[in-house]
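Please keep the sequence and the structure in view while reading.

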Amino acid sequence: MPQAMAAHFSSSRMIVASSGGGVPPPLPRTAISPVRPCADFHPSIWGDFFKSYSQKDAELTGELLQIQELKESVRKKLEAVAKKPMQHLKMIDDIEGLGLGFHYEEEIEEALDSMFSKGTDVIDGYDLYHTSLYFRLLRQHGYNVSSGVFDKFTDASGKIKNEVVDDLKGLLSLYEAAQLRVHGEMILDEALDMSVSRLESIAPTLNPTLGAQVTSALKNPIHKNIRRIRARKYISTYQGDRSHDPILLRLAKLDFNLLQKLHQQELSQLSVWWDDLKASLNYSYARDRMVEIYMFALAISYEPQHSLARSFFTKAMAIATILDDTYDAYGTTDEIELLSKAFDRWDKSLIEQMPDYLRALYLSFVNAHEEMEKNLAQEGRSYLVQYAKKSYQIIAKFWYEEHKWLINSQIPTLEEYMQVGRETSGALLYAAYAMVGMSDDFVSEETFQWLFRVPNKMRMAGSLICRLKDDMVSHKFEQERLHAPSSVECYVNQYGVSEEETYKEFNKLVSLAWKDMNEECLKPTKVPFKALEVILNIARSAEVFYTDEDPLTIAHKLIKKEITALLVDPVPI
């Protein structure tokens with residue numbers, strides 16, 4: 001890929017209109033095809049499985065009391081190690097890795113703020129493992145620690161010293177720290193390349209447990225992993241560590257299982273809503289993926305206080321999935337034009353012109369937003385629904401653009417595609433709905449104004465990651481039928497290269513986008529970190545779920561395993 005294009009796609013300047021106005025003019029009648037390019041989506045593999053979950057709050061009283069006692073014990077332990085920096089760092093990392101960070105947010109932030117205020121001189125004597133841990137934890141929380149802390153591990157020429165290569169624990173810690181690098185940090189670029197090469201070469205020679213840990217880290221580094229998935233796996237890893245704290249481990253297990261019951265209840269209620277919606281619609285042409293969509297909601301926010309955000313997000317994504325399939329796998333051009341006008345004008349009167357299936361779909365969409373307004377009115381926040389609606393207007397506008405490419409058999413340039421594809425990735429839509437469901441303590445109207453502002457490097461970087469990761473695993477299935485081109489087809493057509501070469505270039509663009517997001521998360525930030533974290537978590541879900549396949553199309557492989565671990569099987573106590 002030419003350097004100019006690489007710079008173009010990593011830049012925040014490449015941004016399209018952020019308003020919902022302006023549906024393109026009708027397509028010429030000669031371009032309209034009556035063919036419905038239906039896809040062959042397999043049915044839901046879960047059926048009514050989750051509808052049966054219902055746990056009464058009264059049955060949890062004993063667990064809640066025990067968890068509260070354990071939480072206080074861990075809090076005292078955290079305070080006790082405050083004067084032992086290396087132990088303090090390790091305990092904070094364990095707490096967050098076990099999924100317990102939200103219980104100790106104030107304590108952790110206070111500790112890291114204190115460490116940062118003392119400067120990096122205090123870690124001069126730290127080994128590679130602890131230096132990397134210090135750097136990663138502070139960067140994860142937005143503290144702009146200098147990458148110069150790693151200079152002591154380089155030789156006179158600026159290269160990483162040879163002895164570092166043989167320190168497996170330190171090397172793995174360095175690899176994790178390098179994931180938080182920003183543009184211009186050459187030492188971390190080299191550290192990442194070196195650590196990946198070394199870890200890949202030695203993984204097969206390690207004992208099965210350690211080898212699996214290294215392989216897992218290479219596939220899903222901490223910074224790019226879904227926190228809830230990491231917590232489930234880290235519980236097992238932490239238990240296998242002979243130096244683990246039994247109190248902390250027990251708290252992690254009980255808390256995980258308690259939250260799992262809450263998530264099961266939520267999914268049960270959402271499944272009932274979904275079945276009612278399906279009964280009112282004729283959408284057999286679209287994907288039935290309620291459970292898989294809820295996993296994306298958990299990826300964004302699994303904490304108990306964000307139940308409403310998960311509900312809003314899941315419903316929005318479920319309807320968006322049907323609409324997406326309507327635009328590119330079922331609807332005729334006449335129907336798509338009419339639906340796009342209805343979104344743009346937010347006009348119920350247009351339903352009289354719609355066929356029955358489209359009328360029911362649009363009404364369900366409108367009803368969902370009316371329900372959302374009622375829920376938020378109780379908190380005096382119903383005005384935020386306008387931003388949710390705006391995000392749908394934007395994505396519908398660009399779904400229509402993709403439909404035009406399809407019926408005109410057009411393959412745009414990659415630049416033209418990305419102006420549309422970033423928006424149809426859904427990142428803006430999903431961020432808006434998740435944030436609408438969060439309290440004012442996390443987001444405000446100013447946050448939404450920032451979210452829709454142009455330019456917005458954070459949002460554009462997250463959208464790029466979602467778009468390219470999705471396209472790389474889904475384009476072959478999509479091209480088996482009449483379908484608009486993906487970024488892969490656009491790049492191959494434009495540059496005359498193979499799919500494998502295209503994937504390599506796209507992965508470079510994804511890496512640049514992560515650097516953009518890492519920069520945007522450094523203090524002082526434009527908006528509260530919680531808002532930035534929503535977009536981070538959307539990008540993380542793309543990194544994890546779109547590794548080998550599209551989880552919303554092929555749902556019986558990787559994501560099924562993760563669903564079972566997070567929503568079916570409790571952690572053995």
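Asn518 counts as buried because its relative accessibility is 5%; buried means under 20% relative accessible area, exposed over 50%, and partly exposed in between (1.4 Å probe, protein chains only). The model is a predicted one, in which local features need pLDDT of at least 70, side-chain atom pairs count only at pLDDT 80 or more, and totals for chains, interfaces and linings use all residues. Residues are numbered from 1 along each chain as its sequence is written, and side-chain values use heavy atoms, with hydrogens and water left out.

Asn518 belongs to helix 22 (residues 499-520); helices (H or I, at least four residues) and strands (E, at least two) are DSSP runs, numbered from the N terminus. Leaving aside residues up to four places away in sequence, Asn518 touches Gln179, Leu180, Arg181, Val182 and His223, where contact means heavy atoms within 4.5 Å.

The contact draws on 28 residues from domain 1 and 32 residues from domain 2.

The size of an interface is often given as the accessible area lost when the parts come together. Here domain 1 and domain 2 bury about 2700 Å² between them, with 57% of it on carbon and sulfur atoms; buried area is the accessible area (1.4 Å probe) that two parts lose on being put together, summed over both. In domain 1, His183, Lys224 and Arg227 lose the most area to domain 2, together 26% of what that side buries.

Charged partners also meet. Six salt bridges are found by the rule across the interface of domain 1 and domain 2, a salt bridge being a side-chain nitrogen of Lys or Arg within 4 Å of a carboxyl oxygen of Asp or Glu. The side chains of Asp189 and Lys515 form a salt bridge at 3.0 Å, N to O.

Ala434 touches Ile300, Ala309, Phe313 and Val534, not counting residues up to four places away in sequence. Ala434 and Ser311 are 123 residues apart in sequence and 8.5 Å apart in space, C-alpha to C-alpha.
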